[in-house]
Amino acid sequence: MIPEIVKIEKEGKNYLLFNKRGMVLELSSKEYSIFSRFARQKRFPSLHKEFFNRLCSYEMTSFNGYKARKVPVEYSQKLLNHNSPEPVFKSPIVAHLGLTSSCNMGCKYCSVRKPYNKVSELSTAEWKKVIGKLAGLGVFQIGFTGGEPTLRKDIVELAKHVTKNKCTFNLTTNGWNLDEKLIVSLKKEGMRQCQVSLDCHIPAVNDRLRGKNSFEHACYAIKLLKRNGIVVGIDCVVSKNNLPHITEFVRWLSKEDIPYLTLIKIKQGDLSLETFKRLYPGYFEYGKVIEQICSRENVMPCVTLDCGSVSNLQYTLNDDELRKVPIAGCPAGHTLLSIAPNGDIYPCVALGSPEFYIGNALKDDLNHLWNDNTILQELRQVKSEVKGRCKDCSRLDHCRAGCRGIAYSLYNDVWESDKTCRR
């Protein structure tokens, strides 16, 4: 195995390469043959220069003394035109493990506290069994979430088990419990990237949303992560509470040399429906913020929009521009599974209520669930199932009708059109 590669999976006639940074690259049979022949040698191949420069740029291999010329990242377009009960991939690419519902903070819009606060959490041995089953299914990246996953005393042991099973490990945390010792231990067991929850660069705004001193603790955690060579990404929940500050927040992240930001449109969580509707960002106001972000020079941070934000992205992009952006809407049933603290499986965190229960990761056959569960099969056909004006929209391939969890909260119907979209 090449040191940079964690796993190689055959997918039909092609091959999927997974590296330690969490990147997936698909090669044709011919490309994989070339890769297998040359990728293990020490010197950069004189043949196939462009091909191997791309692989080095993607951190899929390396050669003595060769510094890769950066090239644009290519994204799979498999999901873009897909509308079938069959999954795009033979297994999920990512599994989010909600290790615990416990948390030392009280964010009102938390999506897991309300549905999972009374469930019995899996033991260390049970989580290890689940991790082994996910790896056997073909899952590549396992993300630890919560609640707050660092409240689990066995988190390092579980991270070690993820790496042992040839999967990459990612952590999403509020940063409160991260200290040098824990970061060093997690890095030793395979952590290369960590997502820290932060909603604003203004301490008073962030603390009002996430709790007193949350900004200070997050910033200290970011400092420690960077000092130990961990790539830092920020998870930011977007609502009317912080929307006016997002553009400046992006500039602040650039100055702080933080490479990644994910904007996550607010979900209902513990909020009343009335409060959720009041805080939900409007189509035009959020779209204008995204337009400002898109107009930046090619500098950090790299901004990712969650599937709920794609409709707002369409505010600023015409059809030609949209076709060049690597988006394909909701990944539920195709690349993602969400597992609750008791092992129950849901399509994603936003669809974590009993109506969308798929099975239990500890007790059930995961291959059978992935391929034959009717909820997943229906979600894969969202373009056929969705009602209203989304059904005939020319951009349905790109947004896949937006976040189904938000639709369910707003309209009590998982198939209702995203009425907040103004396309």
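Helices α4 and α5 are roughly parallel to each other in this predicted model, because their axes cross at roughly 20° and angles under 35 degrees count as roughly parallel. Helices α1 and α2, by contrast, are roughly perpendicular to each other. Backbone geometry also calls for attention at the cis peptide bond from G146 to G147, and at H48 and N412, where phi is positive.

**Packing of α4 and α5**

- Helix α4 covers residues 124-137, and helix α5 covers residues 155-164.
- The axes of the two helices come within 10 Å, and the crossing of α4 and α5 is right-handed.
- On the α4 side, the contact is made by T124, W127, K128 and I131; on the α5 side, E157, L158, H161 and V162 take part.
- Sorted by class, the contact of α4 with α5 comprises 4 nonpolar, 2 polar and 2 charged residues.

**Packing of α1 and α2**

- Helix α1 spans residues 29-38 and helix α2 spans residues 49-57.
- Their axes lie 11 Å apart, at an angle of about 75°.
- This angle falls in the range of 65 to 115 degrees that counts as roughly perpendicular, and α1 and α2 are therefore described in that way.
- From α1, the residues E31, I34, F35 and F38 meet F51, F52, R54 and L55 of α2.
- The contact of α1 with α2 has 6 nonpolar and 2 charged residues, with no polar ones.

**Backbone geometry: the cis peptide bond**

- Most residues other than glycine have a negative phi, and most peptide bonds are trans.
- The bond from G146 to G147 is cis, and its omega is near 5°.
- G147 is placed in the loop that runs between β5 (141-145) and α5; α5 is also one of the two helices in the roughly parallel pair.

**Backbone geometry: positive phi values**

- H48, a residue other than glycine, has a phi near 60°.
- H48 belongs to the loop between α1 and α2, the two helices that pack at an angle of about 75°.
- With a relative accessible area of 35%, H48 is partly exposed, because this category lies between the limits of 20% for buried and 50% for exposed residues.
- N412, likewise a residue other than glycine, has a positive phi near 55°.
- N412 is found in the segment after α18, a helix of residues 404-411.
- The relative accessibility of N412 is 60%, so this residue counts as exposed.

Methods. Residues numbered from 1 in each chain as written. Predicted model: local features only at pLDDT ≥ 70, side-chain atom pairs only at ≥ 80, totals over all residues. Heavy atoms only, no water. Axes fitted to C-alpha atoms, helices over the stretch in contact; angles between N-to-C directions. Helix = DSSP H or I, 4+ residues; strand = E, 2+ residues; numbered from the N terminus. Parallel < 35°, antiparallel > 145°, perpendicular 65-115°, else oblique. Contact = heavy atoms within 4.5 Å. Nonpolar A, V, L, I, M, F, W, Y, C, P; charged D, E, K, R; others polar. Buried < 20%, exposed > 50% of the residue type's maximum accessible area, 1.4 Å probe, protein only. Left-handed = near helix turned anticlockwise from the far one by under 90°.
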